[in-house]
Number of protein chains: 2
Amino acid sequence: MRLYDCSTAPSPRRVRMFIAEKGISVDTVQVDLASGEQHGDAFAAINPHRTVPVLQLDDGSCLTTTGGICHYLERQFPQPPLIGRDAAEHGLIVDLVSHIEQDGYLAIAEAFRNKARSFSRNALTGAQQYEQIPELVERGRSRTGHFFVWLDQTLQNKTYLAGDAFSMADISAFIAVEFSAWIKVPVPDSCSALLEWRDRISERPSAGA
Amino acid sequence: MRLYDCSTAPSPRRVRMFIAEKGISVDTVQVDLASGEQHGDAFAAINPHRTVPVLQLDDGSCLTTTGGICHYLERQFPQPPLIGRDAAEHGLIVDLVSHIEQDGYLAIAEAFRNKARSFSRNALTGAQQYEQIPELVERGRSRTGHFFVWLDQTLQNKTYLAGDAFSMADISAFIAVEFSAWIKVPVPDSCSALLEWRDRISERPSAGA
């Protein structure tokens with residue numbers, strides 16, 4: 001197994017934190033997104049979507065999304081379970097991660113990539129070029145604020161997002177909240193459950209992965 | 001178990017087709033999206049995200065995404081497997097579904113919801129109101145065209161998207177291709193593998209679910 005990674009990007013960090021929680025080690029190759037290495041022929045042959053993370057399996061096949069990689073690792077290395085201990089918890093964690101990706105990561109990326117000069121022709125990740133649309137900056141910032149409120153409500157009277165067990169939902173949400181610093185939308189003080197949970201997660205050794 | 005459904009919408013159709021392939025039956029309640037029933041207090045208490053599908057479990061808890069619902073059902077009713085027979089196939093199917101949701105459903109929804117008059121203040125699904133952004137119509141149509149090409153390339157020399165076994169990836173992609181009719185972006189004749197696969201999937205009894 002080999003992980004194509006970028007140490008500064010949020011999505012591969014989700015995989016690194018997942019791997020750290022599993023207590024396994026995986027060979028890692030850094031892809032320099034800042035210089036556009038993902039658009040070169042060598043990397044496009046590995047992942048035509050031109051994104052990281054990518055997990056290359058021993059047969060040479062590649063998984064090219066955070067979800068695909070984490071679900072594969074969960075089956076191969078079941079302990080400790082990070083995507084649910086039974087059917088209901090499994091469904092709940094997949095549910096939470098889906099909301100975190102759609103209402104968190106995509107919202108933050110919308111605000112960030114439609115503003116930053118270096119993404120002027122790459123407002124979306126992937127192989128195709130799309131121009132920035134300025135209206136999406138404010139929409140993304142607004143959505144990020146609602147995302148924080150939803151996380152805070154979900155965390156009321158809970159230790160972790162899915163209940164009493166740490167999971168992939170916590171990894172995904174924690175790194176989304178860290179990613180939101182890129183657009184300078186802070187978690188409001190009124191979201192006290194979210195702020196306490198963030199402190200709790202940041203103390204795990206895997207948070208430094 | 002109870003499924004909150006809308007017979008005309010693409011996302012709940014993915015769950016209905018998944019259920020039909022599993023050969024199980026689930027009580028269904030229709031939610032009238034056209035009249036805005038999802039924004040009423042009764043439904044918002046069931047799902048604050050105000051979307052369908054929702055699967056309410058026997059303990060009253062609710063799964064509110066297609067992914068969460070299908071992963072729950074896969075664990076509860078493992079036969080026939082629709083999300084992989086081993087770790088590598090499981091990872092691959094989750095990977096494919098992630099691309100289909102991000103590059104297919106979101107692209108088509110972007111083109112559709114930013115144009116249709118009835119969505120003038122609801123350009124995104126969910127509880128929050130966002131105005132339409134006209135530039136997203138063309139961007140969504142362009143992305144949909146690239147989505148078709150990717151599906152066609154993925155289907156080269158394969159019976160199904162993940163290889164030789166029908167899966168949740170086929171369900172998700174088939175209904176995304178049907179959904180693309182809403183924005184009148186046809187699958188080009190050059191995508192012959194995709195067109196043949198579509199015909200093959202449409203012959204399954206579950207395609208009518």
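Predicted model: local features only at pLDDT ≥ 70, side-chain atom pairs only at ≥ 80, totals over all residues.
Residues are numbered from 1 along each chain as its sequence is written, and chains are lettered from A in the order in which they are written. Local features need pLDDT of at least 70, side-chain atom pairs count only at pLDDT 80 or more, totals for chains, interfaces and linings use all residues, and side-chain values use heavy atoms, with hydrogens and water left out.

Chain A contains an open sheet of four strands in the order β2-β1-β3-β4, and the pairing is mixed. Strands here are DSSP runs of E with at least two residues, and helices are runs of H or I with at least four, numbered from the N terminus. Two strands are taken to pair if DSSP finds at least two bridges between them. Strands of a sheet pair through backbone hydrogen bonds, either parallel or antiparallel. The edges of the sheet are β2 and β4 (62-63) of chain A, each of which pairs on one side only.

Strand β1 (residues 2-5) of chain A is joined to strand β2 (residues 27-30) of chain A by four bridges in the parallel sense. Toward strand β3 (residues 54-56) of chain A, β1(A) pairs in the antiparallel sense over three bridges. Y4(A) illustrates both pairings: this residue stands opposite V29(A) in β2(A) and opposite V54(A) in β3(A). Together with helix α1 (residues 10-22) of chain A, β1(A) and β2(A) make a right-handed β-α-β unit; right-handed means that, with the strands pointing away from the viewer, the path from the first strand over the helix to the second runs clockwise.

The loop between α2 and β3 of chain A holds R50(A), a residue that is not a glycine but has a positive phi of about 60°. P53(A) is in the loop between α2 (41-46) and β3 of chain A, and the peptide bond from V52(A) to P53(A) is cis, with omega near 5°.

In chain B, four strands likewise form an open sheet of mixed pairing, ordered β2-β1-β3-β4. Its edge strands are β2 (27-30) and β4 (62-63) of chain B. Helix α3 (residues 66-76) of chain B lies across β3 and β4 of chain B and runs at about 45° to β3(B). For this angle, axes are lines fitted to C-alpha atoms, for helices over the stretch in contact, and angles run from 0 to 180 degrees between N-to-C directions. The peptide bond from V52(B) to P53(B) is also cis, with omega near 5°.

Chain B can be superposed on chain A with an RMSD of 0.0 Å by a turn of 180° and a shift of 0.0 Å along the axis. The two copies are thus related as by a two-fold rotation axis. The superposition is by least squares on the C-alpha atoms of residues with pLDDT of at least 70 in both copies.

At the interface, 39 residues of chain B are in contact with 39 residues of chain A, contact meaning heavy atoms within 4.5 Å. About 3400 Å² is buried between the chains, and carbon and sulfur atoms give 61% of this area. Buried area is the accessible area (1.4 Å probe) that two parts lose on being put together, summed over both. In chain B, R75(B), Y130(B) and R139(B) lose the most area to chain A, together 18% of what that side buries. Of the interface residues of chain B, 100% are also interface residues in chain A, so the copies meet through the same surface. Zero salt bridges are found across this interface, by the rule of a Lys or Arg side-chain nitrogen within 4 Å of a carboxyl oxygen of Asp or Glu.
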